[in-house]
Amino acid sequence: QVQLVESGGGSVQAGGSLRLSCTASKFHYNRPCLGWFRQAEGKEREGVARISGVGGFPYYADSVKGRFTISHDYAKNTVYLQMNNLKPEDTAMYYCAEDSRYRACAPGAALLRSDFDYWGQGTQVTVSS
């Protein structure tokens, strides 16, 4: 059973930075399709970024493009989300997830919650103005 554990969340002021990490006990595949999602209180969970284990090809939601960077270190079974220039609207619980069937990392694929099979418990990010 894949277990994903997020860390790195916290409270920062607007304009600040955080780096989230997600470490897996093991991934379903050696080079998996991984994503970051977030869920603000009272809102639906939304996709933030995803990265393919084959070739990278990072994808970002428009709301974070240019501010967030997703990367991976498969030797450490870890995926990262570097978040710069944080805004109050970035406040949410952040989750990492693995798509074991590689649907989300297909060319032109949208970043859909339903494509991801394994989820972490989340790490809270709070940005104050």
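Predicted model: local features only at pLDDT ≥ 70, side-chain atom pairs only at ≥ 80, totals over all residues.

User: Which residues does Gln82 touch, not counting those up to four places away in sequence?
Analyst: Gln82 touches Ser17, Leu18, Arg19, Arg67, Phe68 and Thr69. Contact here means heavy atoms within 4.5 Å.

User: What does the side chain of Gln82 have a polar contact with?
Analyst: The side chain of Asn84, at 2.9 Å. A polar contact is a pair of N or O atoms within 3.5 Å; within protein, one must be able to donate a hydrogen and the other to accept it, and residues adjacent in sequence count only if both atoms are side-chain atoms.

User: Which strand is Gln82 in?
Analyst: Strand 8. Strands are DSSP runs of E, at least two residues long, numbered from the N terminus. Strand 8 (residues 78-83) runs antiparallel to strand 3 (residues 18-24), and six bridges join them. Leu20, for example, has Leu81 in strand 8 as its bridge partner.

User: What's the strand order in the open sheet?
Analyst: The order is 1-3-8-7, four strands with antiparallel pairing. At the edges sit strand 1 (4-7) and strand 7 (68-73), each pairing on one side only. Two strands pair if DSSP finds at least two bridges between them.

User: By how many degrees are neighbouring strands of this sheet turned against each other on average?
Analyst: By 15 degrees, direction ignored. The axes are lines fitted to C-alpha atoms, and angles run from 0 to 180 degrees between N-to-C directions.

User: Switching topic. How many disulfides are there?
Analyst: Two, from a search of the whole structure. A disulfide is a pair of cysteine sulfur atoms within 2.5 Å. Cys22 is joined to Cys96, S to S 1.8 Å. Cys22 lies in strand 3 and Cys96 in strand 9 (residues 92-99), so this pair ties together parts that are 74 residues apart in sequence.

User: And which cysteines make the other one?
Analyst: Cys33 and Cys105, with their sulfur atoms 2.1 Å apart. Cys33 is in strand 4 (residues 33-39) and Cys105 is in the loop between strand 9 and strand 10 (118-119), so that link ties together parts 72 residues apart in sequence. Counting bonded cysteines along the chain, the pattern is 1-3, 2-4.

User: Are the cysteines buried or exposed?
Analyst: Cys22 and Cys96 are buried, and Cys33 and Cys105 are both buried too.

User: Why is the disulfide of Cys22 and Cys96 called right-handed?
Analyst: Because the torsion about its S-S bond is about 45 degrees. The link of Cys33 and Cys105 is right-handed as well, with 80 degrees about the S-S bond.

User: Now charges. Which residues are linked in a network of salt bridges?
Analyst: Asp99, Arg101, Arg103, Asp115 and Asp117. A salt bridge is a side-chain nitrogen of Lys or Arg within 4 Å of a carboxyl oxygen of Asp or Glu. The structure holds eight of them.

User: What does Arg103 pair with, and at what N and O distances?
Analyst: Its partners include Asp99 at 3.7 Å, Asp115 at 3.9 Å and Asp117 at 3.4 Å. Asp117 and Arg103 both lie in the loop between strand 9 and strand 10, so that pair ties together parts 14 residues apart in sequence.

User: Which of those count as buried and which as partly exposed?
Analyst: Asp99 counts as buried at 0% relative accessibility, and Asp115 counts as buried at 12%. Arg103 is partly exposed, with a relative accessible area of 28%, and Asp117 is partly exposed at 28%.

User: Last one: what does the side chain of Thr123 reach?
Analyst: The backbone nitrogen of Gly9, at 3.1 Å. Thr123 lies in strand 11 (residues 123-128) and is buried, with a relative accessible area of 10%. Its contacts beyond four places in sequence include Gly9, Leu20 and Tyr94.

How values were computed
Residues numbered from 1 in each chain as written. Heavy atoms only, no water. Buried < 20%, exposed > 50% of the residue type's maximum accessible area, 1.4 Å probe, protein only.
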